[in-house]
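Please look through the model below slowly, and keep it in view while you read the paragraphs that follow.

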Amino acid sequence: MARSGLAAAARVARWADAALGPGGDSATADGKATLSDATAERAARALGLTPAQVRADWDTARLAGLIEVHGDSARPGWRLRAWDRDDSAVLRGWVALCDAWSLAHPEPEEYEAAAVAEVVTAMPQVLSFLQLSAGPVPVPQLLDLLQQRVTELRTERCEVDYAPPPEASRSSDAPGPDTSGAAGARSGPEPGLRPRVPLQRPRPALAGPAADAPLEPLLDWALRALASVGALTYGDGQATLTPLGSWAVWVKLEQICVAAQSPAGNIEQGAEDMLRGCAQLRPNAARAEYRAWLAARPVGSAVTELIDAARGEDALLRGLAFEALRVVGAPAEPEVRTVLDEPTLRPYALLWLAEHDGADPEDAHEVLTREEATWLWVDTAAAVADHGEAPLLVRHLESAVQPTVPALLTEVRAVGHPRTVQVLVALAAAHPDPALAKAVRRAAFQVHRGG
């Protein structure tokens, strides 16, 4: 269903890839990801469509991640590259389109922006109700649910009046302060605290046209928009989730549950702090933490954060960042490819891409040159020296591609890793063989002196 729903968008995306790629014409006229008239007409002639159809399919392709527009040029997204071999890429593309339903079918201009925002915020609960119903639901029932949810949203944004109450309200016959509001009123003061004035009933912050906007036409717009992306069917006064729509709701609920089960409590941290928090976890627990952290963020920004953390000076974070990117999977591929020209990240990126393309993790190192493998050995040794124990650093010798320690030292000195001296000094201090330790110290001294 997802393939058929996105087939027209994929067709336009493939045309753009062939006709507007490097060396081709510009995709846009203004650098704002909107097709120029000339390009739309050119695509319409090539595909046998009208310019309006091309524009609509182009917008769908952008929302689904099949096309990425950078300035005035377009390039295929990772989902288009994986279209024929990866069903999950197609499903992810459809979920991205479903998430953007309010952009795929914009609201009429006469609707108040604040009221539209409330409806967009409330619709996930409406969709969850449709899924639980597992069948058609009358629109009046959905409207009642929407009204309740919008009222909750307005109450959550309420303003509490801390001004002294009128004299009349202070009389012994007047009721006490209201404690049932949703703004966090308490049944009594906390120990040691005395409120200066009684709390008054919360006043909704929203006022004006948005507060009085009828929700029925907005619900009609939302249901039509969701129907346009294939999330539900809408007609005859009722709405029903499609199998794809039900699956999308389930995916979102699963993401919420995963995010709520952050085992180490790092879900609100930035990428660097999260990775540091995972450094002492066992591999399975760390992967669970990565999944929880990723579930709470848009995948694009999460991947960018992880790669930025990998660019730092801490080699341990570099390795952990790429472990987290393995949990991300295919959506991280474009960003990972962009760092292949960075010497610090290139070995990690090559291993990640090899495993992503199906190579056995034990054989993935074969994609590295001898120099890249040696650089990675030093970087990993730096992580062990900074965060591990001495015996682990000694055992790390066994993972080197060089058959002998003298050969390893020769190539380590030549590879130019900025932490070479520190690694060799730590290895010499940890190794139990005095002769080998002396040779390693000599190598460290030579590197330090520029030899």
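How many residues lie between β4 and β5 in their hairpin, and which residue in the turn has a positive phi? This is a predicted model, in which local features need pLDDT of at least 70 and side-chain atom pairs count only at pLDDT 80 or more, while totals for chains, interfaces and linings use all residues. Residues are numbered from 1 along each chain as its sequence is written, and side-chain values use heavy atoms, with hydrogens and water left out. The hairpin has two residues between its strands, and D236 in the turn has a positive phi of about 55°. Strands here are DSSP runs of E with at least two residues, and helices are runs of H or I with at least four, numbered from the N terminus.

Together with β3 they form an open antiparallel sheet in the order β3-β5-β4. Because β3 (137-138) and β4 (232-235) stand at the edges with a single partner strand each, one side of each is left without a neighbour in the sheet. Helix α10 (residues 215-228) packs on this sheet and touches β4 and β5, where contact means heavy atoms within 4.5 Å.

β3 and β5 (residues 238-241) pair over two bridges, with A239 as the bridge partner of V137 and Q238 opposite P138.

Notes. Two strands pair if DSSP finds at least two bridges between them. Axes are lines fitted to C-alpha atoms, for helices over the stretch in contact, and angles run from 0 to 180 degrees between N-to-C directions.
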